[in-house]
Amino acid sequence: MTDKELEFLTLVCDERELTYDQMAKIMNVTGKTIDAYRTTLFDRFQIRSKVGLVLFSYKHRLTEPFL
């Protein structure tokens, strides 16, 4: 996973429940770039939803859950 993909994944898991547009602004990239990160991670890890990304991230300790 690239640094940018991990940054994207961290934002997906953020407790603020950011939209993809908000993530694009934070990362200073376009919405199309965010779509590419999402699609790449969905395909690579056979995930079908944003919730799936969060669960995958927590399961594999890529990000920390908020308690």
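Visitor: Where does Gln46 lie?
Guide: Gln46 sits in the loop between α3 and α4. Helices here are DSSP runs of H or I with at least four residues, strands are runs of E with at least two, and both are numbered from the N terminus.

Visitor: What about phi of Gln46?
Guide: Phi is positive for Gln46, about 55°, although Gln46 is not a glycine.

Visitor: Is Gln46 buried or exposed?
Guide: Gln46 is exposed, with a relative accessible area of 73%. The cut-offs: buried is under 20% relative accessible area, exposed is over 50%, and partly exposed is in between, with a 1.4 Å probe and protein chains only.

Visitor: Before we go on, what ground rules apply to the model?
Guide: This is a predicted model, so local features need pLDDT of at least 70, side-chain atom pairs count only at pLDDT 80 or more, and totals for chains, interfaces and linings use all residues. Residues are numbered from 1 along each chain as its sequence is written, and side-chain values use heavy atoms, with hydrogens and water left out.

Visitor: And how does the pLDDT look?
Guide: The protein averages 95, and 99% of the residues score at least 70. pLDDT is the predictor's confidence in each residue, from 0 to 100.

Visitor: Which helix is lowest in confidence, and which is highest?
Guide: Helix α4 (residues 50-59) is lowest, at a mean of 95. Helix α2 (residues 20-27) is highest, at 98.

Visitor: Back to backbone angles. What is phi of Arg61?
Guide: Near 55°, a positive value in a residue other than glycine. Arg61 is found in the segment after α4. Arg61 is exposed, at a relative accessible area of 72%.

Visitor: Where is Ser49?
Guide: Ser49 is in the loop between α3 and α4. Ser49 counts as partly exposed, at 33% relative accessibility.

Visitor: How far apart are Ser49 and Pro65?
Guide: They are 16 residues apart in sequence. In space they are 18 Å apart, C-alpha to C-alpha.

Visitor: Zoom out. What does the secondary structure come to?
Guide: Four helices and zero strands. From the N terminus on, the order is α-α-α-α.

Visitor: What radius of gyration does the protein have?
Guide: The protein has 11 Å, which agrees with the value near 11 Å for a compact globule with 67 residues. That radius is taken over C-alpha atoms, and the globule rule is 2.2 Å times the number of residues to the power 0.38. The C-alpha trace spans about 30 × 25 × 20 Å along its principal axes.

Visitor: How much of the protein counts as buried?
Guide: Of the 67 residues, 33% count as buried.

Visitor: And contacts between residues 24 or more positions apart? What share do they take?
Guide: They account for 50% of the contacts with a separation of 6 or more. A contact means heavy atoms within 4.5 Å.

Visitor: New topic. How many salt bridges?
Guide: The count comes to four. The rule is a side-chain nitrogen of Lys or Arg within 4 Å of a carboxyl oxygen of Asp or Glu.

Visitor: Which residue forms a salt bridge with Arg44?
Guide: Glu5 does, with the closest N and O atoms 2.9 Å apart. Glu5 lies in helix α1 and Arg44 in helix α3 (residues 31-45), so the pair ties together parts that are 39 residues apart in sequence.

Visitor: Are those two buried or exposed?
Guide: Glu5 is buried, at 6% relative accessibility. Arg44 is partly exposed, at 42%.

Visitor: Which residue pairs with Glu7?
Guide: Lys4, with the closest N and O atoms 3.6 Å apart. Glu7 and Lys4 both lie in helix α1, three residues apart, about one turn of the helix. Glu7 is partly exposed at 30%, and Lys4 is partly exposed at 34%.

Visitor: What about Asp14? Which side chain does it meet?
Guide: Arg16, in a salt bridge of 2.9 Å, N to O. Asp14 is buried, with a relative accessible area of 16%. Arg16 is exposed, at 54%.

Visitor: Last one, the surface. Which residues make the nonpolar patch?
Guide: Met1, Leu6 and Leu62 make a patch of about 230 Å². Patches take residues with over 30% relative accessible area and no salt bridge; like charges are joined within 9 Å, and nonpolar side chains (Val, Leu, Ile, Met, Phe, Trp, Tyr) within 5 Å. Areas come from the Shrake-Rupley method with a 1.4 Å probe, and for residues only the protein chains shown count as cover.

Visitor: And where is Leu6 found?
Guide: In helix α1 (residues 3-12). Leu6 is partly exposed, with a relative accessible area of 32%.
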